[in-house]
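Here are some notes for a first look at this structure. Please keep the 3D view open while you read.

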Amino acid sequence: MRAQSSATAAPRIAVATAPDRPGLGTLQAALGVVAFSLTFPATAWGLEGFGPWSLVAVRSVLAAVIAGGCLLAVGVPLPARRHWPGLAVVGAGVVLGFPLLTTLALQTSTTAHAAVVVGLLPLTTAVFSALRVGTRPSRTFWIAALAGAAAVLAFTVQQSGGALSTADLYLFAALLVCAAGYTEGGRLARVMPGWQVIGWALVLCVPLTVPVAALALAQEPVRLTAHSVIGLLWVAAGSQFLGLVVWYRGMAAIGIPKASQLQLAQPLLTLVWSVLLLGEHLTVAAPLTAAAVLVCIAVTQRARG
């Protein structure tokens with residue numbers, strides 16, 4: 001992974017900064033949302049056989065192995081020194097913070113209740129983007145974003161009964177650190193391919209995740225079942241790597257605020273998976289909320305920042 005000469009590095013930079021077609025960028029971001037929507041059900045499956053610390057640490061190590069293998073195979077040079085602080089933010093928020101906090105929450109919370117953090121994530125990401133990247137979405141964008149977030153929040157609170165608990169504190173903390181990681185990752189994806197952003201963030205966390213995984217596996221009981229293994233593999237390969245690859249590429253192509261609004265559909269997708277995979281009950285309010293969310297997504301995608 002040594003630095004390449006300027007002659008060979010130039011084409012990489014040109015490809016990374018070339019604007020993608022908006023339609024392709026929207027599709028990539030949407031695929032990321034679908035991958036993320038399976039994270040909570042897969043985590044619930046993983047918790048059937050692993051402790052929370054073991055699950056988070058092992059998933060990060062496995063994802064880092066996949067990412068590191070891809071980086072080595074392609075011969076990607078080390079990122080420029082100026083990009084490492086941003087990669088550290090991505091690692092702290094997306095690789096470590098969000099998975100750990102949501103996994104701790106899911107020990108006592110249902111996936112439907114946990115979906116509230118995902119429902120509020122698009123709005124929080126847009127706010128972080130405005131503060132960090134300097135984007136200024138239009139008033140129409142903000143109105144639609146607030147309406148969509150309110151609809152999702154009302155639905156998820158109604159599903160959970162509206163009671164605040166320790167799990168809620170974990171979820172709100174996860175909301176903040178993930179929004180920061182998404183924003184920084186979206187910014188970096190404009191100067192390097194999205195898969196390299198998450199790849200280097202995962203590799204950067206290896207000195208921490210490997211010893212934590214070893215310690216956690218020694219302290220927490222492990223019971224391998226089909227559900228726990230499938231859940232672990234999905235959160236490692238699907239949520240932690242492949243989903244973030246297409247997500248960051250989508251954000252780079254269509255902009256962080258607009259891409260983040262696609263996540264308004266994520267809580268509803270998560271609830272569908274929860275019904276199909278976990279047997280959770282879905283109320284009649286779901287179709288109405290889905291319609292409201294789709295309208296908000298359409299408005300935010302058309303609004304000009």
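1. Start with a term. A residue counts as buried when its relative accessible area is under 20%. Phe36 has a relative accessibility of 6%, so Phe36 is buried. Bear in mind that this is a predicted model.

2. Now look at the aromatic rings. How many aromatic pairs does the count come to? The count comes to six. One of them joins Phe36 and Trp247, and this pair is edge-to-face. The ring centres are 5.9 Å apart, and the planes stand at 75°. Planes over 60 degrees apart count as edge-to-face.

3. Where do these two residues sit? Phe36 belongs to helix 2 (residues 22–37). Trp247 belongs to helix 10 (residues 226–254). Trp247 is buried, because its relative accessibility is 0%. Ring pairs also bring in Tyr182: Phe36, Tyr182 and Trp247 are linked into a cluster.

4. Is Phe98 buried or exposed? Phe98 is buried, because its relative accessibility is 13%. Phe40 is buried too, with a relative accessible area of 3%. Phe40 and Phe98 form an aromatic pair, and this one is stacked. Their centres are 6.5 Å apart, with 20° between the planes. Phe40 lies in helix 3 (residues 39–46) and Phe98 in helix 5 (residues 84–105), so the pair ties together parts 58 residues apart in sequence.

5. Stay with helix 3. Helix 3 packs with helix 6 (residues 111–132) at an angle of about 135°. Their axes are 10 Å apart. The two helices are therefore oblique to each other. Their crossing is right-handed.

6. Which residues make this contact? Helix 3 supplies Phe40, Pro41 and Ala44. Helix 6 supplies Thr111, Ala114, Ala115, Val117 and Val118. Seven residues of the contact are nonpolar, one is polar and none is charged.

7. Last, turn to Ala214. Ala214 lies in helix 9 (residues 194–219). Its relative accessibility is 48%, so Ala214 counts as partly exposed. Ala214 and Ser54 are 160 residues apart in sequence. In space, their C-alpha atoms are 8.2 Å apart.

Definitions and conventions. Residues numbered from 1 in each chain as written. Predicted model: local features only at pLDDT ≥ 70, side-chain atom pairs only at ≥ 80, totals over all residues. Heavy atoms only, no water. Helix = DSSP H or I, 4+ residues; strand = E, 2+ residues; numbered from the N terminus. Buried < 20%, exposed > 50% of the residue type's maximum accessible area, 1.4 Å probe, protein only. Phe/Tyr/Trp six-rings, centres within 6.5 Å; stacked < 30°, edge-to-face > 60°. Axes fitted to C-alpha atoms, helices over the stretch in contact; angles between N-to-C directions. Parallel < 35°, antiparallel > 145°, perpendicular 65-115°, else oblique. Left-handed = near helix turned anticlockwise from the far one by under 90°. Contact = heavy atoms within 4.5 Å. Nonpolar A, V, L, I, M, F, W, Y, C, P; charged D, E, K, R; others polar.
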